[in-house]
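Please read these notes alongside the sequence and the model. They are meant for someone who has not looked at this structure before.

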Amino acid sequence: MAYDGEILRRAREKYEADKRDRRNAYEAQRETLFRKQPRLREVDRQIRSAPGRVLAAALRKGGDPLSAVERLKRESLSLQKERKNILLQMGLPENFLGEFVMCRVCGDSGYCQDRLCPGCLGKYYTREQNAELSRMLNLTGQSFETFSLDFYSNQRYQNYTKSPRKNMEGIFNICVNYAREFGIKSENLLLSGSPGLGKTFLSAAIAREVVNKGFSVAYDTASRIFERFENRKFGREDTGADDTGNIMSCDLLILDDLGTEMITAFIQSALYEIINTRLLEKKSTIISTNLDAEQLQKRYSPQIFSRLLGEYQYLPFYGKDIRGLKDETQKNQWNRS
């Protein structure tokens, strides 16, 4: 699984800060107990020092180290029993003064093998990634639960065999299954259609589900992504470090508004690099565009077009502008009120 270095850095900083705060609170709580019951402090100190004393006894020259070790073990067990009784008398659980560990899954390392621990650092990463995506996508308002088919017409539209509503029912189900099965299958979607038909909405809904499953998602418009590649190509150091790596390595890339960029030989090359590299590495990609298949074929190279239509599931959006219909409905409601 790939992680964005900057997002991971922020997540790690907040994770470590919270861990320090919890440890400080834990130590303050211990100190309060010790002031109430001084004997508890001494017993706890002796228990914690027991391993060192056992090791010293085992290494001590002369005498019988085994008998010393056994004596210290008995002493430790007696001290643990005394600590337990003191805590119970104070109305506290017997393990109240155990070793402080915020996450028992990973032992507070933040990692489980080569992945972020889902019980701690992984949650911090997900929150930071959601915050990053929310700067460009409405993850709160745009979800599968809030998606509505009410504004899509049941009437036949132009030369299409399905009504806009029937068509969107199929697209919606495909997007839900895509998000639900993400990680099991490596698939790509090409969302094509006029503005205001729900392409960005469904992209945001997918992003939200995939991020919450612990995968890394990168979203940006085509023009801004290509600008990153230009900065890398022409060494524009004043724009910051090369940040194209995450475009290639993230688990899901959402490239929005393809076709709005100024087309050049460099843009063609950069787009091919993105599409082809992610296909070879089996990384999933969602591309949205206002262009239809015929327009895509005219605008981009045969190599790009063949991959878009051959390796992506093509989802055509059509009908009347939903945003316009919603605005009109809200205006009518406002006028009636």
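The numbered points below go from the whole chain to the sheet, the helix contacts and single residues.

1. Basis. This is a predicted model, in which local features need pLDDT of at least 70 and side-chain atom pairs count only at pLDDT 80 or more, while totals for chains, interfaces and linings use all residues. Residues are numbered from 1 along each chain as its sequence is written, and side-chain values use heavy atoms, with hydrogens and water left out.

2. Whole chain. The protein chain contains 12 helices and 7 strands. Helices (H or I, at least four residues) and strands (E, at least two) are DSSP runs numbered from the N terminus. Of the 337 residues in the protein chain, 42% are buried. Buried means under 20% relative accessible area, exposed over 50%, and partly exposed in between, with a 1.4 Å probe and protein chains only. Among contacts between residues at least 6 apart in sequence, 76% join residues at least 24 apart; contact means heavy atoms within 4.5 Å.

3. The sheet. An open sheet is formed by 5 strands in the order β4-β5-β6-β3-β7, with parallel pairing. Two strands pair if DSSP finds at least two bridges between them. The edge strands, each pairing on one side only, are β4 (217–221) and β7 (313–317). From one strand to the next the twist averages 15°.

4. Two strand pairs. Strand β3 (residues 189–193) runs parallel to strand β6 (residues 284–289), and 4 bridges join them. Leucine 190 stands opposite isoleucine 287 in β6. Strand β5 (residues 252–258) pairs with β4 in the parallel sense over 5 bridges, and aspartate 220 stands opposite leucine 255 in β5. Of the 5 residues of β4, 4 are buried, so β4 is largely enclosed by the rest of the structure.

5. Helices α5 and α6. The axes of helix α5 (residues 164–180) and helix α6 (residues 199–212) come within 9 Å and cross at roughly 20°. Axes are lines fitted to C-alpha atoms, for helices over the stretch in contact, and angles run from 0 to 180 degrees between N-to-C directions. The two helices α5 and α6 are therefore roughly parallel to each other. Angles under 35 degrees count as roughly parallel, over 145 as roughly antiparallel, 65 to 115 as roughly perpendicular and the rest as oblique. The residues that make the contact are Met168, Ile171, Phe172, Cys175, Tyr178 and Ala179 of α5, with Leu202, Ile206, Glu209 and Val210 of α6. They divide into 9 nonpolar, no polar and 1 charged. Here Ala, Val, Leu, Ile, Met, Phe, Trp, Tyr, Cys and Pro count as nonpolar, Asp, Glu, Lys and Arg as charged, and the others, Gly among them, as polar.

6. Helices α4 and α6. Helix α4 (residues 121–134) has an axis that comes within 10 Å of that of α6, crossing at roughly 165°. That makes α4 roughly antiparallel to α6. On the α4 side the contact is made by Thr126, Gln129, Asn130 and Leu133, and on the α6 side by Ala207, Val211 and Asn212. The division in this contact is 3 nonpolar, 4 polar and no charged.

7. Helices α7 and α9. The axes of helix α7 (residues 222–233) and helix α9 (residues 265–280) come within 10 Å and cross at roughly 105°, and α7 and α9 are therefore roughly perpendicular to each other. Residues in α7, including Ile225, Phe226 and Phe229, meet residues in α9, including Phe266, Ile267 and Ala270. The contact residues are 8 nonpolar, no polar and 4 charged.

8. Isoleucine 247. Which helix holds isoleucine 247? Isoleucine 247 is in helix α8 (residues 245–249) and is buried, at 1% relative accessibility. Beyond four places in sequence, isoleucine 247 touches Ile225, Arg228, Phe229, Leu253, Ile274 and Arg278. Isoleucine 247 and alanine 218 are 29 residues apart in sequence and 6.6 Å apart in space, C-alpha to C-alpha.

9. Serine 216 lies in the loop between α6 and β4 and is buried, with a relative accessible area of 1%. Aspartate 44 lies in helix α2 (residues 38–59) and is buried, with a relative accessible area of 2%. Leaving aside neighbours within four places in sequence, aspartate 44 is in contact with Arg30, Phe34, Arg83 and Leu97.
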